[in-house]
Structure formats: structure tokens, C-alpha cells
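Visitor: I would like to walk through this structure with you. Can we take it in short questions?

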Amino acid sequence: MSEQLGQPGITSTSILGNPVLRREDDTLVRGQGRFVGNVPLEGALHVQFVRSTAAHGTIGSIEVDDALAMPGVVAVYTAADLGLDDRPVLMGFYPAEMARPFLARDRVRFVGEPIAVVVAETQYQAADAAETVWADIEPLPPVLGLSDALDGENLLFPDVGHNVAFRNSVEDPFDFSGYEVVVTENIVNSRVAAVSIEPRVVAAGIEDGRLTCWASSQGAHNFRKAVTDLLGIEGEDLRVFVQDIGGGFGAKGVTSEEEVMVVHLARKLGRTVRWTETRTENLTGHVHGRAQEQKVTIAGTSDGDIQAYRLDMLQDCGAYPRFGAFLPEFTRQMASGVYDIERVEVEYTSVVTTTTPVCAYRGAGRPEATAAIERAVDLYAAEIGMDPAEVRRRNLPASSAFPFTNATGTVYDSGEYEMVLDAALEASDYTGLRAEQQRRRDAGDNRQMGIGICVYVEITGFGGSEYGEVSLQADGTVLAVTGSTPIGTGHLTTWAMIVADRLGVPLEAVTVFHGDTDRVPSGQLTGGSRSVQIAGSSMGDAADKLVDLARDAAADLLEAAPDDLVLDRGRGAFHVAGTPSASRSWAEIASEAAEPLVGLSDFVQAGATFPFGAHIAVVEVDTETGQTTVERIVAVDDAGVIVNPLLAAGQVHGGLAQGIAQALLEEVRFDEDGNPQTSNLADYPAISMMEVPSYERSFTETPTPLNPLGAKGIGEAGSIGSTAAVQSAVVDALAPFGIRHLDMPLTPERIWSALQASGA
Amino acid sequence: MSADPYVLRVNGNDHQVPDAHLGESLLWVLRERLGLPGSKNACEEGECGSCSVQIDGELVCSCLVLAAAAVGREVTTIEGLAPDGELADVQRAFVEAGAVQCGFCTPGLLMAVDTLLDELSDDGSVPDDLTVREAISGNLCRCTGYGRILEAVSIAADIRRGESRGDLA
């Protein structure tokens, strides 16, 4: 495994850029993480949802009397007596009639949709009672295929009159007939599940007279706002704690209907209640990701100049349009990827189907863009008989072109695309790989080699701010308060590094606080890889503000002008310029200052940042069995300035694995009646250690001008590059058999079938 | 219907389990009755490994074992890896390698690695890549992509061999 980590000791003046070990780990490796399921809640009631086993149907009656008579049962509710209005659609431009009832009302729209809720003294009692709830559901035809949904013969919401949640049309479609080379392909970007290892879990009750909630969410304040808005109460009437969360990946950015209901039940019953979903509920009743059908059209010259690109998308929203309906808009913004293409056109339609709702999953719309354009470029390269690396190189914008406005109007802040491509080609020994590939092809080897290249750019941060407060405590230590919510990413360590660096105090002197809506005034959702660039910059900014206040305080104590004082970060003390002996340390200021010193950030990032990179996948495909082995992943990623390479590399690793997973293994499937076929981890093949190679990766650092750290996001990039690279590699391995495209996941069955069809 | 009270020996201590249902899994009893929530419930069907514990040194998914079936045997959980407060070798290795992200799967992984190293130390061999992968393939981790976990196993194996050499000397 080749890793380029910063070397401790070399950056002697700053801790930034060093692989500092995580402060989070000591409790986690002891099994003492503060996960919601570990919060001791004496006498808590347990919630169990009764879920639809039909994909589509009208509800006649729901019988709950037997359940109410079961031992330990405290309450059973259906839509009729739950006392919650339907949840309005997420975006004002979705049809309002596509609002979602918390418990299905009149009609069920996917298998796994809650239709009743049971509250009992124990989890076993709740589960037993839920089994006795009986619902009379008259089946309706399921709506599964996206073109069927678009046809609108069967409607999920008859009042709307169609199944379209959102669309973006091009007025005057571009004519591709005049180009020398035009290639088209239909591509499925498969539906996958986030599969955080900790499933959804929430608890709520009345603590000290306050409605209080313990959530596993990507944003404590977002969670609070969603819940209080839907319950019709004031934000300050609910206290939300978010401590350790067992993985998010976008899915826990959703405040789900079940979670809202649990808080509602606590309030309604005046008792502490908790709910932990089963893995089957997680895989069928939570949210999925991706789920796009795409058509690419790419045109250019026969010598490798790409001139036009069109992307048509059908987005599957599942039964209720949440964020999923909006995903293709992110895909549109990033449709042309890293390439400088004169003419780009994107159309999309988001439709509802009788399946689990689709939402954000690591990358959320950008992996879909990358997968489409990278496949298109490969197809174009194959068509004109040019090496795919060379085609890519010819169409990259020069580094002098930044800030670069792509053809859909998105402005990329900074980039060195050719640099990362070259670095990846060199690190992989691309020439040598091609020679070995040719040797196997010539020999008719039954283990064919495939090489896939993906050069990606993605959009992160999206601008904005984050609550940041850094204060000097009476004992000389520092308290840093953030509105952000770390989601297993080690940001408590990263932020502490930033604060310690700015102040010149030991890392251990900085405590980071987060995740209590009573203590933290505001906070944003963790998503879009924003936590270092925006939350981190706000921490740094708040620390800078504290330095200014402390300089004034030290000046008072030293009877000097503030402008004459310098902060010696090595000593952690202010002194008069030129006179180091006239100084006040942080501890001295803390004990002597007239008032507490609190720095508050007012940092706002003006726009999005655009990390980029090049991933090369090398796979071996067994042509007799269709089995693919990922032999190598070479990843060169550039997310601007890296604060902690240990943690940043960990993010890349995780993303690479999830990319390989979508490319080769994972897919959420339904049968022709809309029944989930992947409702547990035996059927949904979440990637294991057996399927990943040792990663060969490195960072380059091209700073963004948009924040003082120079940092961009790294949380999603790994999955964006590797998915396309691995898919491309498998197709490349199959090229000698006349196969030009195969959809993900590239399972042995799919590859074997394609080989059979090709006559191999 | 409650079972007769029984005693579970966990991490070297005897725990009375009164008023339990006979059908309760070891995982449930550990977490909900004995106050040992280190073992995690993530699938409850033996597919993810988050609930891994050792029974008489053998790695099991505690969600698939009836608690009552562990009577008379020695159960070791994540809470038992560092009984004196000092992190065990596998725990230290995970921290040093950066093999922890959200940490939810980590206790199960640590128990799996500890078991592997125990088995290997019996014959003093060094785990090769495939052995490690096979031994841990029953533990799903969604955050790390497994890269640093492989590294952590290697570090832990080194530490343990070093210690056993020290014992011999």
C-alpha cells in the first residue's frame, strides 16, 4: 500500500498537514461510543412500525384491536388517529399533492411504507403486537419501470394526473447531425443503498420538563427544525442531542417520517420512547440512492476533439419525491465533468414509482454525472480508435483557464486536471499495463485485463457558513463550539488542529463541542463534503477573532498598544514586538483578563469548491465465469489543502470501496410486483474486505481561493472516481469480445451472459 | 414466560440474569440486561459482524446465539479487551492505523482481529493477506473501505508477536 502521508516533524511550525491520530477513537475502540442505542433510558417504551407488504394498493380497513389487547401494549395508531398532517413536499416546485402521510392514508405506495405504529413496554412485545395488526389492502398495479411511470397509465397520485415530480426541459434541442462522429448509449445508474452500519435509531422523552430527542442524524439543527416544523411547535421547545453516529452517507441527512413520529409519540404519551429499525426496515423503508436511467449522446471529430454532449435523465424518486427528485439538477451542473466541451445539453424528468423513496447517497447526483460522461468519453474513444487517456487529455481545460466555466454554467474554482491524469498514468505504469493487456488479448487468455480511467471533478461545500465559537476558558484551555455534526469522519480532531494551530496552544488544550441544540445556537447539515472547508474555516475564523480579543487583553495587561503585540504560536504567548520577555501567555490572559474572551466566526464561503482527481482501475475478468477481481486502484485526488492526511485518506478509502461496490456488486432490486429482493444483508451484497484491493493513492494540493484553509471537500470524491473507473475497466476487459457497454453492477452473471451473447 | 434465572460469565465476571425470556439473544442480554452496550446490533441476522464476541475463545455473532446457551462458558466482549484500562494491542493498532471512522462496527472488528491473532499465535505464524481478509470478511465496515483495517491487523500482529517474544525472553 503506497501512502503519501505528511511526515510529523517536517512542518515544524504548524500541526496542519500532519497525520494526527483521532481524539475520537479511545472511546470507540472500547465500545463506549455515545450512540443513541447506548443512551441509558430507564423505562423507555419501544416503537414498532407495521409496514405495507404491498407495493401499491388502496387501504380498506386496518384492524388494531388484537394488537391493543396484547401484553405490554401502550398504544397503537393509524393515520386516522395519529394526529399528524401529511408531510409537505420537500421543494415548492414538486406537486403539492405528492405530500407524504406519516402513516399511509387511503393508499400504500411501496413495500415497507408504515401503515400503523405500535408502542409497547418492551421491544419484543411491540414486535409481537405489530404482527397482529391486519390491513385490508386492495392491490393496484405497481409502477416500476421509469418509462412506464412517465407514460402515466397507472398513477401513484391520481389527483396530480401524472407521475412527474420535477422536470427540466430544453426548449430547442440541439441537432447532432452535423458532427463527424456521434455516439449514443443508454446507461442505467443503478439503485443502491447507503447501509450505514448503525441503522436508523432515535429516542425521545421529557427531560427536565423539556421535550428531548437523541438522534442519529447528519445535523442536529436540521433534525430539530424538521421535527418542530412538522409537529407545529417552536424550535426551542425541542432539545436535540446528536453525539456519535454510526455512519451517514447522505441517508441520515433525511429526517425520516419514522423519526418524526417517535418524537410525536413521546410528546403524545408523555413517556420516553425509542425506536431502532431492523436491517430490513433500513433496506426497504429508509431511502435509496442513485437510480437514474441516462441516455448519453457525444459528438466530436475523428481526431479526438469532443464538441457536443447531451445527457437525458429519468430519475426514479421512489414513492414520494424527496431530495431524489432534485438529484438530476446536481447531475446537470456537473454533466460535462472535467471536459471543455462547447455545447452541452441536459434534460431530465423525475418520476415517482411504487418503490422506496430515493434520496442523497454519497455524491448525490455527481457520481451519476461522472459515470455518464466518463462512459460517453470511453465510447467516443473506442469509436475513433484513440486511447482513452489521450482523448481525455485533449479535452481538459488548461490550468490557466481557471476559474473555468463549464458548458452548463458551473464555475470551477481551481484545477490541474492534466497534472492528476499524468500522475495517475505514471503511478499505474499505464504503458506497461496496456502492454500486458495486449499480451493477454493476443494469447486469448481466459483472464483478461481491463484498464479503466476516470478523471473527475465534483462540486462541494456549496458556499455558506457554519456556527463557530472559540473561547478562552478560565483555566487557560480553549473551548471550540461548532454547529456542524461530525458523522464518523474524525472532524473533532481536524477542527481541534485548526484551532490549536491558529492560537498556538497544544492540541490537548482544545475541546470541541457539538451536537446539543440547547448549547449551540445554529448549525447546518453535514453534507456536500463541507465540514473541513466551511465548518473548519469557521473554526479558524472564530479562533482568529479570539486572537484579536486576546491581543487587546494582553495589550491592556502589558500596557502596550495592541498593534505592537505579536502572537508567538510556538510559545502560545503574546509579546511586544522585539521584546519577547514582555509577554502574556494564553493561561495568563485567561486568569487576568477582565472579561471572558469569546471569538465568533462570521466566515461565509462565497461559493462551491471543485475537488478533482484521476482514478485508474485495473481489473481481471475471468471470461469463463464472469468473475471480476479488482487488482489495483490508483487514485490521485486533489481536494485542495489537506488538513489531516490520515483522515482525508480514510475518506478516500471509504469512497473507493463504495464506488467498487456500486460498480461490481451492490444493487437494490424489486421483483415485477414491486417486492424488495434485497431486504437484508444476505441479499444485498454490501462490499466486504474480500472485494477490495490495497489502494494506491496520493494527494496533490491545488488550493481553492474560496476559504482561508484552501481546502475543498474529500468526503465523496472517492466514490465518484472509482465507480466510473471500475465500470470502465470491466468494459475494457471485454472489448475484444465486441462488448462496448455494460451497466452496473457488473456481476459475474451479467458479464457471463454478455460473453455468451457475444459468442465468446 | 420467563426462564429460570441463569448466570452468564462475561469478561471474567459472573452476572445473574433473572426474569429473562429464554428466546433472548446473547447480544440482547449483553446490551439490555447486563449494561454492556459495546457489542452492536446492526443486522440481527449474522451478516455484519458488529455484534461479534468470543465464547470460549471462539468468534461468534452474539445476535445468533441464545444467551442461555452461553451458560457455563466464558464470554469475552469488547469491554473485556482492556479490562485494566490500558488499550489492548488490537485497539492500539486500530487507533494508530486510523482504522476507526464512525466506530460502530469497530468493536466487532476488534473481536474478530483479536480472535485471528489468538489463533495465529498458537503456531506463531504471520498472517498473510488472504488469511486476514478471510478472517475479517464477516465484519462489514461501511466507512473505511477496509484499507486501514488491513494495516491495523498488520500492526497488531507485530505488537503481539513482539510481546510473545518478550515473554519468551
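This is a predicted model: local features need pLDDT of at least 70, side-chain atom pairs count only at pLDDT 80 or more; totals for chains, interfaces and linings use all residues.

Visitor: Are the planes of Phe174(A) and Phe176(A) stacked, tilted or edge-to-face?

Guide: The ring centres of Phe174(A) and Phe176(A) lie 5.6 Å apart. Their planes stand at 75°. Planes over 60 degrees apart fall in one class, so this aromatic pair is edge-to-face.

Visitor: Is Phe176(A) buried or exposed?

Guide: The relative accessibility of Phe176(A) is 12%. The limit for this class is under 20%, so Phe176(A) counts as buried.

Visitor: What about Phe174(A): buried, partly exposed or exposed?

Guide: Phe174(A) has a relative accessible area of 24%. Buried needs under 20% and exposed needs over 50%. The value falls in between, so Phe174(A) is partly exposed.

Visitor: Which ring does the charged end of Lys40(B) sit over?

Guide: The distance from the charged end to the ring centre is 5.9 Å. The cut-off is within 6 Å. The ring belongs to Phe104(B).

Visitor: Which backbone nitrogen does the side chain of His221(A) reach?

Guide: His221(A) is found in helix α6 of chain A. The residues it touches include Pro521(A), Ser522(A) and Gly523(A). The side chain reaches a backbone nitrogen at 3.4 Å, and that nitrogen belongs to Gly523(A).

Key
Residues are numbered from 1 along each chain as its sequence is written. Chains are lettered from A and ligands numbered from 1 in the order in which they are written. Side-chain values use heavy atoms; hydrogens and water are left out. Rings of Phe, Tyr and Trp (its six-membered ring) pair if their centres lie within 6.5 Å; planes under 30 degrees apart count as stacked, over 60 as edge-to-face and the rest as tilted. Buried means under 20% relative accessible area, exposed over 50%, partly exposed in between (1.4 Å probe, protein chains only). A charge sits over a ring if NZ of Lys or CZ of Arg is within 6 Å of the ring centre and within 35 degrees of the ring normal. Helices (H or I, at least four residues) and strands (E, at least two) are DSSP runs, numbered from the N terminus. A polar contact is a pair of N or O atoms within 3.5 Å; within protein, one must be able to donate a hydrogen and the other to accept it, and residues adjacent in sequence count only if both atoms are side-chain atoms. Contact means heavy atoms within 4.5 Å. Lists of a residue's contacts leave out its neighbours within four places in sequence.
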